[in-house]
Amino acid sequence: MRRVLPALAFACILAAGAIAVAAGHTAQDPAPVATPVQSTTPDPVARGRYLAVLGDCAGCHTRPGGAPLAGGLPLQSSFGTIYTANITPDPKAGIGSWTADQFWRAMHEGRRADGAHLYPAFPYVYFTRVSRADSDALRAYLLTIPASNYTPPPNTLMFPVNIRASMTIWNALFFKAGTFQPRSDQSAEWNRGAYIVTGLGHCGACHTPKNLLQADSRSKPLQGGKIEDWVAPDLTGAPNGLGTWSQDDIVEFLKTGRNAHSNGGASMSSVLIHSTTQMSDEDRRDIAIYLKSLAPSQPPTARGAPGDLMAEGGAIYRDQCSACHGVDGAGEPRLFPALRGSANAQQRDPTTMVRYILTGSQSTATTDRPTPFAMPAFAWKLSDHQIAAVATYVRNSFGNSAPPVSVGDVASLRHKTAAHPIQKEPPAAEQR
Amino acid sequence: MAQTLPKTDAVLIGFGWVGAMMGQELTDMGLNVVALEKGSWRDTPTDFATTFAQDELRYYWRHELFERLNHETLTFRNNDGQTALPMRHLGSFLPGSNVGGSGVHWNGQVWRFLPTDFQARSHNVSRYGKAAVPDDMTIQDWGVSYDDLEPYYDKFEYLCGVSGKAGNLGGQIVPGGDPFEGPRRRDYPNPPLDMPYAPMLFAKAASETGRHPFPHPAANSSRPYTNPLGVQLAQCTFCGFCEKYGCGNYSKATAQTTILPVLMRKPNFTLRTHSEVMKIELSPDGKTATGVTYVDAQGREIFQPADLVILCAYSLENVRMLLLSDVGKPYDPSTGEGLVGKNYAYQITSSVNVFYDDKILNPFIGAGALGMMCNDYNGDNFDHSGLGFIGGGYIGLMQTGARPIETHPTPNGAPTWGSGWKRAVAKNYLRAATISTHGAVMSHKQNRLDLDPTYKDALGRPLLRMTFDFTDNEHKMSDYLTDRAAEMGRAMNPREIKVNKRAGSYDIVPYQTTHNTGGAIMGANPRDSVLNTYLQSWDVPNLFVPGANAFPQNAGYNPTGTVAALTYRCTDAIRTHYLKAPGQPLVHA
């Protein structure tokens, strides 16, 4: 059932999109090269290496155990699996034979060297904002890394998405090429932050809600998205976003993977490891300045949690959670995250929080914070009902407010995470 | 035919506390280091998660964290008149296995030995005369002083984030700390743990009777702590599951919580688990270690060549590996020749239970090194004239967590089984506490380690044979400590006390301490020691053997702090001297 709905929807939109294209609307109008908002290192290779950090290229283009940037990491979408491309300089398997213009077109318009459409799993909807100079520098760097002749497996996408030309319609509906245009009413730092966040950083790929066809919701940028059964939290100034974080808090999180509010983990791990911890202090500051300028989203309205569920959840919380997170939900800063005011705990969609309880989670180890503090899995220990109760309790205690969690939410995630376990199950005595 | 791997700069045999310290220091020097651990990988979230770490049946009764005796054990006898038999169930001591070693299930008791402990022979002879040290008491000076080790004790205490109160800061006695300790350069990195009721009652009684109580130095963190490597420990929750358990709360200092998060990220460090070293290979002249041969998980024999071999398994296994590898000459008590296996020592413990009617002590609140202690009767802190023994031990009331399967205090006269026993346990569980004594064992001519002539391990190698008994010195000393403990127990004004002296021969069945020392001892010259004071083999200079095996005799303290200090002194010597002239002795005989 999961896959039929998007397929049907796509068929309908195909028709509508075809009309739009016929009407001559094209997303591929040449855009002017924007005023450079970029690092000033003169050496293009060195600059390109740093741009690869900003873009977190390794996060998707290096598969576990594979050669750097040789691709092959499977990305799951509701349309099937896409394997990331080899972007090493190998002339056949990689991009060694691509010209600078072809590379720029991939970044700017989402087209392969042969002109065929790339899928937006490659985030060209953000990379289009990158300047031509940065695109050239990035390519210059990629041509210097060791070539790998590894060819990733073919994608396994459903019809009609498996036909690359279908992206013509998708692009017509959801994509507009164009480099970043700085705003004269904002500071240079804000513009630099916006250039990174909305461009190479492609933060919205996870943090912006998506429509049925996986395109960004234009009205809700960075207000929290769902990807591969994780909810990436709201990054606006909302109470369940970054409202309680200071600019320094954001900088510390990006630099060390932790701050007084939160420990980075789950899907953010790879971003922290390959990208934000490697950035310059100035860029982290500028990202924080930009994020702090985002107007708060509309917070979810709490419908009030049933009293008996809260009582039961509170008892479970004191037994199972309070040793680390504290009876008052304050946690221990940078060791055990606070649940009081936690963004993850207060997202409208409780997926991330329930997954943490079911499967456990590990804080990302970074150079500054090398200890991978971990939360143990509770799937083997707590029932769906108990997890719903304790999650509801946390979402509505310590000043938090979020809709209750249903037993069905937990059961569904238990099913999904068993199918895609994210970490080793704890070794119960019987299994030894 | 063993497969030969590419040579590495250094190979570590065993990957517990000492292996982790060695790995961290040697990789910092730029060396490529391979660690070989016969057991499995273990980390906090996977193996000691708070959701199941406090499981007495699994860990206390079924010994999950300890050496698997069906694979490898040792044989034991009290004296040469007996035939040693293999231990088939652990009892008196509990060596760990797997990554982190015994350091995973320790209590976190971090002590410094007394300055006089390092001059055990010369100090006692000069103060009490030659007769104070009988001929068959084979104690000797260490060849290092407390001052030599002070910087390295300090380094370990800051690595672990030890919670405590200094008693002697640079020679100034500080109220509230241990006035008998050697001078320290600075206070502990964290304040003492909050103290429960029972230890406070003990401290009051000890003070009122003229002793000097102070909080036990604890590698159980009293507050969130980031160590010099950037690794973080969390505040202890007093869950009461330290000894024999892994800490799921990141509060007890172990290799996992202090070093491994940094070490495992280093590109010049490699850990191979399920890799059991068979022997250290020597050059034809026997003066250079060429590497080690080990058996991997598939049973393949593999030779790992190395420039530097560090033997850092458990102290007993270190001695066995030297014997199996023909490094040095085995000790023979009948001729007095040979040194490997000589001066095996242990510790002697006793206790006094106090029972109240009117005080609820909540003994389940606990931490491994939580308690109030006094060292008035440790080492040579008191006048031994006329007592007939040397050495001593600490006395203290520790509250390590009265885990329900293990803890069932009953007074004298209570039934030992049935409903009467159950009633006595129920009545006393919340109202009882235990004062313990922890005494030194001097080395003795007959107490030793060698290879068993009969029994072999799963890989066909002879087991280690332990020949050990307490001597008059230990019994007199322990009885003296127990009498002092009883005095303090009575001064606590309980309903009654119960005195548990250590009588008779050493018995390997009841748990006492996992403080096995000696067998490959250090010293100032090769005539009476296996290792120089940098823990370098006198015979094979590119072999170092850090561990409690180096203690010439034991002291009245837990050994880990001193093992760590000796290890850091060793790594410092490797960094500053050995690597400038590799393969050369650091001390010329």
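Before I start, a word on conventions: residues are numbered from 1 along each chain as its sequence is written, while chains are lettered from A and ligands numbered from 1 in the order in which they are written. Since the model is predicted, local features need pLDDT of at least 70 and side-chain atom pairs count only at pLDDT 80 or more, although totals for chains, interfaces and linings use all residues.

Let me take chain B as a whole. It holds 12 helices and 24 strands, where helices (H or I, at least four residues) and strands (E, at least two) are DSSP runs numbered from the N terminus. The radius of gyration of chain B, taken over C-alpha atoms, is 23 Å, close to the 25 Å that the globule rule gives for 589 residues, so chain B is as compact as a globular protein of that length; the rule itself is 2.2 Å times the number of residues to the power 0.38. Along its principal axes, the C-alpha trace of chain B spans about 70 × 55 × 50 Å. Of the 589 residues of chain B, 57% count as buried, and a residue is called buried if 20 or more other C-beta atoms, placed from the backbone, lie within 10 Å of its own, exposed if 12 or fewer, and partly exposed in between.

Now to one helix, α11(B), which covers residues 472-491. How far does this helix of 20 residues reach from its first C-alpha to its last? It reaches 29 Å, close to the 28 Å expected at 1.5 Å a residue, the expected span being 1.5 Å times one less than the number of residues. Among the buried residues of α11(B) are E474(B), Y480(B), R484(B) and M488(B), and the buried residues of this helix pack against several elements of chain B, including α6 (197-208), β18 (393-398) and β22 (496-500). After α11(B) comes N493(B), whose phi is positive, near 60°.

Some of those neighbours belong to an open sheet of 6 strands in chain B, in the order β8-β17-β18-β19-β16-β22, with antiparallel pairing; two strands pair if DSSP finds at least two bridges between them. The edge strands are β8 (214-215) and β22 of chain B, each pairing on one side only. Strand β8(B) is joined to β17(B), residues 371-374, over 2 bridges in the antiparallel sense, and F214(B) has M373(B) as its bridge partner.

A further strand to look at is β21(B), residues 462-467, where 5 of the 6 residues are buried. Which way do its neighbours run, parallel or antiparallel? Strand β4(B), residues 74-77, runs parallel to β21(B) and is joined to it by 4 bridges, whereas β20(B), residues 448-456, runs antiparallel to β21(B), with 5 bridges. R465(B) in β21(B) is the bridge partner of T75(B), and D450(B) also stands opposite R465(B). Strands β20(B) and β21(B) form a hairpin with 5 residues between them, and G460(B) in the turn has a positive phi of about 85°.

Turning to chain A, we find an open sheet of 3 strands in the order β1-β2-β3, paired antiparallel. Here β1 (74-77) and β3 (156-157) stand at the edges with a single partner strand each, so one side of each is left without a neighbour in the sheet. There are 4 bridges between β1(A) and β2(A), residues 80-83, with Q76(A) paired to T81(A). Elsewhere in chain A, R105(A) lies in helix α4 (residues 100-109) and is buried, with 21 other C-beta atoms within 10 Å.

What about the nonpolar cores, meaning sets of buried Ala, Val, Leu, Ile, Met, Phe, Trp, Tyr and Cys residues joined through C-beta atoms within 7 Å? The largest has 193 residues, and those with the most contacts inside it include I387(A), L12(B) and F202(B). Apart from this core lies another, of 49 residues, among them A106(A), Y119(A), A137(A) and Y290(A).

Finally, the contact between the chains takes 21 residues from chain A and 20 residues from chain B, two residues being in contact if their C-beta atoms, placed from the backbone, lie within 7 Å. The chain A side has 13 nonpolar, 3 polar and 5 charged residues, where Ala, Val, Leu, Ile, Met, Phe, Trp, Tyr, Cys and Pro count as nonpolar, Asp, Glu, Lys and Arg as charged, and the others, Gly among them, as polar.

Notes: A nonpolar core is a set of buried Ala, Val, Leu, Ile, Met, Phe, Trp, Tyr and Cys residues joined through C-beta atoms within 7 Å.
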